[in-house]
Amino acid sequence: MADEDLLSRIHGLEDLDLAALLCLISREHCIVSTEPDELDNLVEELRLVASQTFSLQSAVVDCTPHTTLDDLAIAIQLPPPTPQPHLQPRSPGPRSPSVSPLRRRGTESSYLHGYSAATTEKQYPATATTPPQIANVILAKNLDRAPKDVQIQCLELLRTRRILTRTSVQTAPKQFLFVAVLETGGAARLVSHLNDLFYVSHWHDPEDGFAHLEEQATDGDEFGGRKGGETASLDSASSVVRRSFAESTTAPQPSRSRSTNNFKGGDRATADDGSSLAPSSSSSVFPSISESDIASLALLARQVNMDVGVLRYLMNIITFLRMHRAVAPGGGGVTPQATKHFEQLSKCLGALHGLDYVTPSLVGLAVKKVYPHRIRIVTPERERSMQWGSDLAAVEALLEGVNAEYVIEDVLSLVEPPL
């Protein structure tokens, strides 16, 4: 069972933070969707979730029908660190004789004659070329609009946690999360195998707000609007490829000098200058989850037990979903991969609730996150009762307005949970 401090921080997380946490625990990936007008705000909110809650670096890829494989490979990379060599002061001491007969003694340190090779290596140590690194969190905006070959490349990245470019093989970091940020209904346009590989899907209602963005805007107002223009610019999509870093998020944004809350202790901290770059050094009104916390929760999730009655309830839900008359033939998205994710998510939810067992209510919650982006609704012409002479108009009227959420709720009302 997780300790009380960790559980209290988990209970203080927002829905988007919890969706990311569940994926990081299971080493899986997710789909997050919202209304088209709020898509840019959702992307910015997810960037802040990555940096402020999990202290992870993120990259944003704005997919279009013209996105190429090279565009994808470049967009998910972090820029190489800028080398900043510093001259090391030379300790006073006796001068050594000049090696070259063309130089007078003492000219090794002259700017006019330059440095010798040995001195240069000491003062500017040769650094090997740093290979490109993939961001910890990749936000693929409008992934459903990308060409099929780009989506397949994303599928390969999710499966193998690496991507092949023209010159190298890039490996994803240990903490890796791929989020497809889509408009409402965008999951239906993803490649089927890629869609099935996503762990969970979450629809963010704009009426629920964007907690991190709103808090950032509030901080900007408290400091006299010194950087309010930059806060307002979050609503613009001026760049096709944008990257954010946990170290640099605090620099261009309003200061977060706030008193600590109940979730996180520590002294007051400011981030107006570059002196405090580590995310953990600045207090936040949102609880933070560290890599060790994620590892601890992953271990607890593997130790969660599922009673045979609860397992039977889970399997009955899967059976009823596959056999529902509104689901397309061939399973309609109720795949073996989905079954694996269904059971895995149920156990992860148990760990997040401080339990070492799965309850029927957790199973009912898990099914609402695993299947909405997978279930495909049958067309009236292929509805199974048409094989026995049903009227097409009657079937069309029956299926009007039916979606994946309706199917899931209908199944939950039909399958009796264990006592």
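In this predicted model, Glu44 is buried, with a relative accessible area of 5%. Its partner in a salt bridge is Arg47, with the closest N and O atoms 2.7 Å apart, and Arg47 is likewise buried, at a relative accessible area of 14%.

**Other salt bridges**

- By the rule used here, the count of salt bridges comes to 13.
- Lys174 forms a salt bridge with Glu291, their closest N and O atoms being 3.9 Å apart.
- Because Lys174 lies in the loop between strand S7 (169–171) and strand S8 (177–183), while Glu291 belongs to helix H10 (residues 291–302), this pair ties together parts that are 117 residues apart in sequence.
- Lys174 is exposed, at 58% relative accessible area, whereas Glu291 is partly exposed, at 43%.
- Within helix H12 (residues 336–352), Glu343 and Lys347 are four residues apart, about one turn of the helix, and their side chains meet in a salt bridge of 3.8 Å, N to O.

**Surface charge**

- A patch of negative charge on the surface gathers Glu14, Asp15, Glu207, Asp208 and Glu214.
- Glu214, located in helix H8 (residues 211–222), is partly exposed, with a relative accessible area of 45%.

**Overall make-up**

- The protein contains 15 helices and 10 strands, and 47% of its 419 residues count as buried.
- Its accessible surface comes to about 21,800 Å², of which 54% belongs to carbon and sulfur atoms.

Terms used: Residues are numbered from 1 along each chain as its sequence is written. This is a predicted model: local features need pLDDT of at least 70, side-chain atom pairs count only at pLDDT 80 or more; totals for chains, interfaces and linings use all residues. Side-chain values use heavy atoms; hydrogens and water are left out. Helices (H or I, at least four residues) and strands (E, at least two) are DSSP runs, numbered from the N terminus. Buried means under 20% relative accessible area, exposed over 50%, partly exposed in between (1.4 Å probe, protein chains only). Accessible areas come from the Shrake-Rupley method with a 1.4 Å probe; for residues, only the protein chains shown count as cover. Patches are made of residues with over 30% relative accessible area and no salt bridge: like charges are joined within 9 Å, nonpolar side chains (Val, Leu, Ile, Met, Phe, Trp, Tyr) within 5 Å. A salt bridge is a side-chain nitrogen of Lys or Arg within 4 Å of a carboxyl oxygen of Asp or Glu. Lys and Arg count as positive and Asp and Glu as negative; His and the chain ends are not counted. The place of a charge is taken as NZ of Lys, CZ of Arg, CG of Asp or CD of Glu.
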